[in-house]
Amino acid sequence: MAKEAATTIRPEVEADFTLTGPFQLECGGTLPSVTLHYAIYGDLKQHADRVVLVCHALSGSARVADWWGEMFGPDLPFDTDRCCIVGVNIVGSCYGTTGPTSIDPATGKPYGPDFPIVTVGDSVRAQALLLDHLGVKQLHAAVGGSIGGMQALEWALRYPERAKQVVAIGTAPLNAMGLALNHLQRQAIWNDPEYKYGCYEKQPAKGLGLARALAMCSYKSGVLFDERYGRNPNRNGEDPFTSLTGRFDVGGYLDHQEEIFVRRFDANTFVTITKLMDAWDLPGDDSVIERAGQHGLRVHFVGISSDWLFPPADVRRACGRFARAGVNTTYSELESAHGHDAFLAEPNLIVGQLNEVLYGTRFRHAAAGECAAD
C-alpha cells in the first residue's frame with residue numbers, strides 16, 4: 001500500500017527509542033522490550049504545538065518523505081516551516097521497530113514465526129510513550145491512510161485528549177472480501193516450500209511475491225488496469241496467446257511489483273501486519289467513541305471512489321458511527337481511478353483537503369445521515 005517515492009527529503013532526526021521492561025500486548029502476549037524506530041522532519045521545539053503524527057500503511061515506514069514526499073514543501077500539508085512531522089514504524093515492522101526480524105533475547109535468534117500477535121492498539125500505545133519521551137503533550141493531528149488511518153482513528157478512541165484532529169484516508173474495518181484477500185495472501189506465503197514454517201534463512205520469494213501481486217490487485221481498480229494495460233501483450237518476447245509462459249502487459253506489471261517488493265520486505269512481517277489489519281475494528285460500545293466528542297476532537301474521513309478494498313460506503317459507515325456519537329465528524333471523497341492507492345498515486349487530490357483540515361477554516365459539522373452509507 002505504500003510506494004517508494006524518489007525524494008531527497010531527509011529527516012532532521014532519525015533514531016530508536018526503547019521501551020524497557022515487559023510490554024503487555026492486547027492479545028495476551030508480552031514482549032520483553034520494544035524498540036521504536038522514528039523520524040522527525042522539522043524543528044520539534046519550534047513547532048511543539050503543531051506536531052503532526054503521520055502513520056504509515058502496510059509496507060511503509062517512519063521515513064514519511066520516502067513514500068509521501070509530495071506532501072512536503074512550502075504551502076503543502078507537511079510544510080516544516082509551519083509544523084513538525086513525526087513518523088514511527090509500527091510494532092511488527094521490519095524497518096527498525098521490534099518485529100519478526102528482530103532478535104528474541106530469549107533465544108538470540110530472530111523471532112520469526114514466534115513473534116506474538118500484535119494489534120493497531122499496541123502500536124498506538126507505544127507511539128504515545130514515544131511522544132511522552134519527546135515531550136509532545138498534544139498532537140496537532142494524527143494522519144494516515146489504510147492501516148495508517150486505523151492508527152489515526154485509534155488515537156481518537158484511546159487518547160482523544162492528546163490530539164486536536166484526526167484524518168483517516170481509505171480506512172474502515174476490513175469487510176469480508178478484504179479478509180478473504182488477506183487470507184489468500186498469507187496462504188501464498190505459507191505454501192511456498194521455502195517458507196519452512198517461518199524458519200527460513202532466505203526470503204520465500206515466490207510466496208511473498210505472489211502475496212504482493214494479489215495485494216496490488218486490491219490496491220488498484222479495474223478501470224485503471226484497463227486504461228493502462230488492457231489486453232496488450234507484455235514485451236517479454238513470448239506471445240501470451242501461444243506460449244504458456246507469455247504474459248499480458250498487466251502480468252508484467254504485477255511481476256515487476258513482486259520483484260521489487262521481495263527485495264525490501266519480509267514474509268513473516270507481511271503475515272504479522274495483515275493479521276493486525278484483519279483484527280482492527282471500531283468498538284461496539286458507542287460510549288468509547290463519545291469520549292472523542294467530549295474532548296472536542298475533530299475527525300475527518302476520506303473515501304476513495306474506486307477503492308474496493310475499503311469501499312467508500314464502508315468509510316461513510318465508519319464516519320456515521322462517529323457522527324452519531326456526537327463527534328465533530330466530516331467526510332469527503334476522492335474521485336480517482338487509482339483505487340485504494342489514490343492518496344499515494346495522486347497526492348494532488350488530497351493536498352487541498354489536508355491543508356484545510358490542518359491549517360484552514362473548519363469544515364461544516366457533518367450530520368450523521370451525511371456520513372452513513374446508502
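Author: Axes are lines fitted to C-alpha atoms, for helices over the stretch in contact, and angles run from 0 to 180 degrees between N-to-C directions. Helices (H or I, at least four residues) and strands (E, at least two) are DSSP runs, numbered from the N terminus. The model is predicted, with local features needing pLDDT of at least 70 and side-chain atom pairs 80 or more, while totals for chains, interfaces and linings use all residues. Residues are numbered from 1 along each chain as its sequence is written, and side-chain values use heavy atoms, without hydrogens and water.

Reader: Are α4 and α8 roughly parallel or roughly antiparallel to each other?

Author: Helix α4 (residues 176-190) packs against helix α8 (residues 267-279) at about 160°, their axes being 10 Å apart. Angles under 35 degrees count as roughly parallel, over 145 as roughly antiparallel, 65 to 115 as roughly perpendicular and the rest as oblique. The two helices are therefore roughly antiparallel.

Reader: In β11, which residue is the bridge partner of Gln 165?

Author: Strand β10 (residues 165-169) and strand β11 (residues 298-304) pair in the parallel sense over five bridges. Within β11, the bridge partner of Gln 165 is Arg 298.

Key
Pairing = 2+ DSSP bridges.
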